[in-house]
Structure formats: C-alpha cells, structure tokens
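Here's a quick briefing to read alongside the model. Have the sequence and the 3D view open, and click along as the residues come up.

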Amino acid sequence: MQHDSRIFVGIAAYCDSEVVPTVQDLFAKATVPSRVTVGVCWQFRDGKDPRELSFGEHGGQVRVVAHEASESEGVCWARRQAEMLLEEEEYVLQTDAHMRFVAGWDELMLNELAACGKQEKCVLSAGPAGYTLPDQLSPNPRLAIKRLAPFTASGKLLCRPESLGKPPVHPLLVKLIAAEYVFSPASRVHQVPTDPSLYHEQEELAMSARLFTHGWDVYCPTQVLLYHNYYSQHPKDVRPRLLHWQENKQWREYSTRACERMEALFNGNSAERLGEFGCGTERPLAHFVNELGIDFAGRAVSDRGLLLQFVPGIENYRRRPIRISEHRSEKPRYIPVDASKNGATSETTDVDRPIPLPAVLAGHTDTVPAETDLAWRQPTSLKKGDFVPFLWLKDQDRNDRGMHLYAGRQCAMWFLPKSNGEWLGNFFKEMKGRSKEFHAINAYRVFVIPASCEELSKIQSEHQADFNIWADPDGTFCSLFGCQVEAGDLKQAGYALLNENLRIIEMRHFTQPASSADELLSRMNGIHQAIMPPMTFDQPVAPVLHVPNVLTPQQCDSVIKFFRLNRRIAGKVGAGKSYVSTAKVRTDCIVKNRKMLRALDTQFSRTLYPEVEKVFGFKVTHRELFKIGHYPGDKNGYFKDHRDNFDKPLSYRRCALTLNLNDDYEGGEVQFKEYGNHLYRAPAGSAVVFPCSLMHGVRPITAGDRFMMVTFMYDEPGFELKKQLFAHDVRKNFEDDIVRADVLPQCLDPRLLQESPRE
C-alpha cells in the first residue's frame, strides 16, 4: 500500500472526556501521522464541558464541528456531522471517541483492505477488543463479529457481538458492521452516507442493509487493530461517560422518527421516502433479509442469523457454542450518576424504557393474531368504505370544483382516458342519452380526465359534451381511486359510486360506456332514498355521531382474538387510580402493540377520523391507547352513568369512541339520560362517537357477551394540556397516543391537485 494514501477518521463525541486522548493516541500510533486527518463532531454541555478542544501537536490536522449537547439528535446525527468534514482523503475510518490503537494501525488497515480483493467496494469492520481507563489494553484481545439476536419480547431486532476463538487467516466475509470500527474507501461515505435521522439501536442493521444493496461487502480483518472502552470496564471510582438518552429530553422523538425510517427502509419504499439514505439497486434487499434468516412477519430469526451461518467457514473460528437468550431485556442499559453521591454510581431502571421500533420490526409484549396482517392491508389508494377527502380540482373553464360540495346526494364518478378519441366520443354520447335517468334519482355525475384545463376544453368542444369535466393533469386524483396512470394517461377507465356522505360504495374498471351506466343506475336505484317526513323533535336526541362499517367483520374478529390472546385487567374508573367494583363490571385489554395501533389508526383514518373532524370540528391527532372491553353476560356486565373528562387529569379528552365488535348479545346498550330514554346500540363494526362531557352509561348485559373497543380522542391543544397535567409524572409516555397511519389520503395537499393559475 502506498504511503501517500490519506485517511480521514470520523469521530462522534458526546460530552466525552476521552476524545482528546483518543485522537492523540491515533496520531501517536500511526506509521505515517501526516497522512491522517481527523473530523470530530463535538457535543458539549455549556458550563460543564469545554467548548473548544486542544489536541496538541497534531491539532492542525483535526477538523471540529461543535454543537451544544441540547442540539444533538443522537449518534447517527453526530456521525453524519463528522462525515461532512471529509474533504479529499481517499480512505475513511468511522470510530468512537473512546478508543485506543495498535502501533502502525494505519498501514495495517490499508493492507487488510487490500487483501479483501475488490478493494473499491470493501469495508473492514469488527467489534474491537476492550481497554480500561486510562490505557490498560485487554491482555487477551479477540476480534468480534456481529450476529443477530432473537426478536425481543417487544419485537426488536438487534445485532450482538460474538467473539472469535481465533483470528481468520484471510479477511472474513460477513454481513453486519460493528459501528465502532468501519474502514473503507471514502467513496463509501458518498454512496452510503450515515442516515442522521436514525438513533443508536438502528444504526448497524440499517447501514449493513444499505451497504449490501449498494454492492458493498463487509469483511472482518485478521487482527485486532482497535480497542474500545466498554461501559463494563469503567473503574468504580471514575464517572462513566454520559449517554445521549440520559441527558436529552427529546430522545423519544428522535427514536420514533428513526423507527419510521427503519420501517420505510425494510418495507421496500426507501428510495422514495429516504432518498440518499435509502437502499441501493445493485442487490435486492430481500437477498440480505434471506441471507440473515429474518422473518419479519413471524418475528423470528433462523439459525443463519443467530448462529452466524451466513459467515462462510464460521465453524473454524467460533470460540464456543453460541448461547441464545430468547428473553433479552429490550431496555437501553446504563449506570446513571447520582449527583447526591458525588459521582458514585447506582443501578436504576426508572428511566430505562424500550425504544419504539417500526411496525415491521417491533411491537410490545402483546401477541398479534396472525390474520391481523390479512385484515389490514397497507393502503396505497382509496378503497371501498373510505371517506373521500375534501379535495379541489378545476374544470375545463378553470372553475374550482370542491369535492365537499358533492355531498348530500349519491355521486357517480368516472375516470376516463383521454387518448382514445373514438371511445371517449361514444362514452359522452351514452352519458347524454342517460342524463334523465340520473336526474330522476337526484344523483351527481362527475367526469375526471388526466388532462390540463386547455385539453379538456378541446375535448368538450370536440365531443359536444354539455357537462363539466374535471382536470387532473398528473393523474393524482385518478390514482387515488385505484386507476393506473401510465405515460400521462389512464390504462383503463374506472368509476366510483359515493353515498350521500361521500363514502365509497363501489369502485370498478370498465370498458363499455353503456355497461358502466347500467351498473351504476342499477345500484343507485336500489339505495335511492325518498324524502323522509320532517323530524318533530318531540323528544330530545343526544348529540352523538353514528359511523357505520368502521371495521370489517374480519377485522372485528381479529380484535376479539387479540383480546383473548393478551393480558386482561379489571376495568378502572376515573383517572385510572382506583377501581370501584359497584361502578363498572368490564374486563379490559389495553392495546400497546404498535403494529396493532398503527393498523387501527390507518383504518380509522379512512373510515372514522375524517367524519369526527367534520362533525366535531377538531383534527384527531392523538388518542389514548385503545382498550378492548368485555362486558360478561354471566356477571351482567355494565357501566354506571359517568362522564369521561370531568376528572382534572382527564380534562384534555375531546370525544369518546365506542365501537361494537359483535352482535350476539342482549342488553348492553349505551344510554344518554340527559337526552331522554333512547337506547343506542351500533351494529358490529360500527362506532358511536360523542363529546366526553356527556353523561352516559352502559345497561347490564342480559344474554351473551359484549365485546367492544373504546378510546378517547383529542387534538394538539389537548396534547399540550395533557403534558402540563402530567408534567410531574416522569414515567408517563405520550408517544403511543400519537395517531400514526400509513399513507393517509387526508394528508394530500389539495393545492397539489390544482393547476397553476394562468400567468
């Protein structure tokens, strides 16, 4: 290896007093110190750590970017900050701020990399040996490579180090990096930069997957070149280094963001959502997952990942049989410092909490029924039963057409290709001839074509169409209804039938214009409602909202099965600190599984939350954890009259949701006695929503068992109030109250569906 090869060492240092000794050691041990440049992301606490660092003799070869610790977003963010200090160096070493080096490490690393063969896309990585402060190196250093641990009880998938019994003769091909030691050509940083939005638990698995898909191979070197100061090696009289989640109050926010990015990475749409921090195209991600024996759906890892069988010839280097623990703690472990004890350390778990992972990688201890994945599909467009969002388009004359104005009647919508002029002419001719039939049932008709307003004006004139046509220039609106757009036009015509509340009753593709009109008229005539006699309001009616078909029968069955598979508790009353046996007889299962929470939020964001926003005037951004309730028939389950937000700790609640999951019971109706003696019972899969301030109760079950689901919804102001109310409770976790749904149509910006105004 040539001596003119330059090496950049990137170091993330979080309030770490070892950073200066680390940098000084790497220069002192380098064969050619002049070819080494260091980039440090220094994160300091104002008044507790120095703002500027002094590295002595080689200080001119150290580039530093400094941030107050409160600005830090975690180790990956800091690694990316350090990477951006890279200039024209040919090689890069990623390492930590508490390291020691062997003599000649720079030359040895270059030689090891050269021995890997196709050097241009090779990475050296291994778990370093350990050292004890200040400079006591392990007397029996061993290389370690990363394997997968089993999914934890909470569903996490983590990498674990495994020591080798002896070093490999040649660099050993592995699949997983060790984040403390990553050496490669500098092109790796340009092609596969560290994602600054990940948190510490996601770093190794995410980077390994991205390297693989970008065509990079990871090798374990043949010798120990670095030493790492592990937490277990701290002397008892030395204060351990500070960890990010001990100090930064926003760590849960960063962790949640990282979870969403991991989900995007492994759900196959990383290029769209993550850009340069997504997967590559040189190798399929599925090959990486299969090589490691990962079954995300079944939350299992085969022996390939657990026992390092993905490493060729591993049996020659294994130190001892690998012991697999099926019940590893999922909590980040550290020894916090008790300031009152002058630096003495003590074990605690008070702030140790599981870091949430995405649905594809995580959950809680709850068991999710296998058919849940079948019951909830991740949506990519609207489907039958969804509310159509209130979007705006323009017609051929550039007049605004708001979807919300087409409620109150049945509405037939057609999505038409523009390229086949003869077919389009026949379609409009058919529609002219059927106009009276649609008028007879007081139905709206909407025609949408993926074309500009100018194009529509020509189409309307050419075919003498005497009705308005909506412009969808890029096909976004048509795609929302399941129409495939290709080369600026629809591959096939389609139609959708909406009810009076703009909820989709039917969606289909069609080829013959007459057949679409026949099918729609037949269906609309079957559900056309005559004008009802006026309501006299002889008796008061409770201000409640009934939303039908929120869940499908299959989804209701999945929720009931979830209840039966998981832990159940006696239902509590009030702020949850007491249980009054005479007030309520119900058993609850609290849904903490994040996969189930997201599935429910995704479904409700299509079939419920839009209606709540329209009727009650607030956007459902938060809701309490769903409770699946069981009112037992053998105990005549009931709930006495109460209000849901009159206890001060619960005053943030806006609306209550109760959703029936079955029909085969008697009794159990909801009653609002302030508004008369009406009894309210929604069919299975349907919801009743009402303000939390209303007094209500559940009548005793007289036969069978009633299964239902309840939650309390609120908005951003309610969230701020809740944080104030529970500011004293350090154990309170607000993250799971946030509504997280996949691909919400309501999230589309209506302005994106409008053409730019004429100049």
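This is a predicted model: local features need pLDDT of at least 70, side-chain atom pairs count only at pLDDT 80 or more; totals for chains, interfaces and linings use all residues.

**Rings, charges and a few loops**

The count of aromatic pairs comes to 27.

**Aromatic rings**

- Phe428 sits in helix H12 (residues 421-433) and Phe447 in strand E20 (residues 444-449), so this pair links distant parts of the chain, 19 residues apart.
- Buried or exposed, what is Phe428? Phe428 counts as buried, at 0% relative accessibility.
- Phe447 is buried as well, with a relative accessibility of 1%.

**Charges over rings**

- Arg283 puts its charged end over the ring of Phe212, 4.8 Å from the ring centre.
- Arg653 does this with Phe712, lying over the face of the ring at 3.7 Å from its centre.

**Salt bridges**

- Side chains of opposite charge can pair when their charged atoms come close.
- How many salt bridges does a search of the whole structure find? The search turns up 48.
- One of them joins Arg63 to Glu89, with the closest N and O atoms 2.7 Å apart.
- Arg63 belongs to strand E3 (residues 62-68), while Glu89 is in the loop between helix H2 (75-83) and strand E4 (91-96), so the bridge ties together parts that are 26 residues apart in sequence.
- Glu89 is a buried residue, its relative accessible area being 7%.
- Asp588 and Lys584 also meet through their side chains in a salt bridge, at 4.0 Å from N to O.
- Asp588 counts as buried, with 2% relative accessibility.
- Lys584 is buried too, with a relative accessible area of 2%.
- Then there's Arg654 with Asp715, a salt bridge at 2.8 Å, N to O.
- Why does that pair tie together parts 61 residues apart in sequence? Because Arg654 lies in the loop between strand E31 (639-642) and strand E32 (655-660), and Asp715 in the loop between strand E39 (706-714) and helix H20 (716-725).
- On the Arg654 side, the residue counts as partly exposed at 33% relative accessibility, whereas Asp715 is buried, with a relative accessible area of 11%.
- Glu430, Arg434, Glu437 and Asp518 are worth a click as a group, since salt bridges link these residues in a network.

- Look for Asp644 in the loop between E31 and E32.
- Asp644 is buried but has no salt bridge.
- Which side chain of opposite charge is nearest to Asp644? That's Arg653, 4.6 Å away, and a salt bridge needs the nitrogen and the carboxyl oxygen within 4 Å.
- Asp644 does make a polar contact, side chain to side chain, with His642 at 3.3 Å.
- Leaving aside neighbours within four places in sequence, Asp644 is in contact with Leu650, Arg653, Ala656, Phe690, Cys692, His696 and Phe712.
- Two names on that list, Arg653 and Phe712, turned up above, with Arg653 lying over the face of the Phe712 ring.

**Glu716 in helix H20**

- Glu716 is found in helix H20, and counts as partly exposed, with a relative accessible area of 40%.
- Beyond its neighbours within four places in sequence, Glu716 is in contact with Thr621 and His622.
- The C-alpha atoms of Glu716 and Phe618 are separated by 9.3 Å, although these residues are 98 apart along the chain.

**Pro139 in a loop**

- Pro139 has its place in the loop between strand E8 (136-137) and strand E9 (144-148).
- Pro139 is exposed, with a relative accessible area of 82%.
- Its C-alpha atom and that of Ala129, ten residues apart along the chain, are separated by 9.6 Å.

**The whole chain**

- The secondary structure comes to 20 helices and 39 strands.
- Of the protein's 759 residues, 56% count as buried.
- Among contacts between residues at least 6 apart in sequence, 77% join residues at least 24 apart.

Notes: Residues are numbered from 1 along each chain as its sequence is written. Side-chain values use heavy atoms; hydrogens and water are left out. Helices (H or I, at least four residues) and strands (E, at least two) are DSSP runs, numbered from the N terminus. Buried means under 20% relative accessible area, exposed over 50%, partly exposed in between (1.4 Å probe, protein chains only). Lys and Arg count as positive and Asp and Glu as negative; His and the chain ends are not counted. A polar contact is a pair of N or O atoms within 3.5 Å; within protein, one must be able to donate a hydrogen and the other to accept it, and residues adjacent in sequence count only if both atoms are side-chain atoms. Contact means heavy atoms within 4.5 Å. Rings of Phe, Tyr and Trp (its six-membered ring) pair if their centres lie within 6.5 Å; planes under 30 degrees apart count as stacked, over 60 as edge-to-face and the rest as tilted. A charge sits over a ring if NZ of Lys or CZ of Arg is within 6 Å of the ring centre and within 35 degrees of the ring normal.
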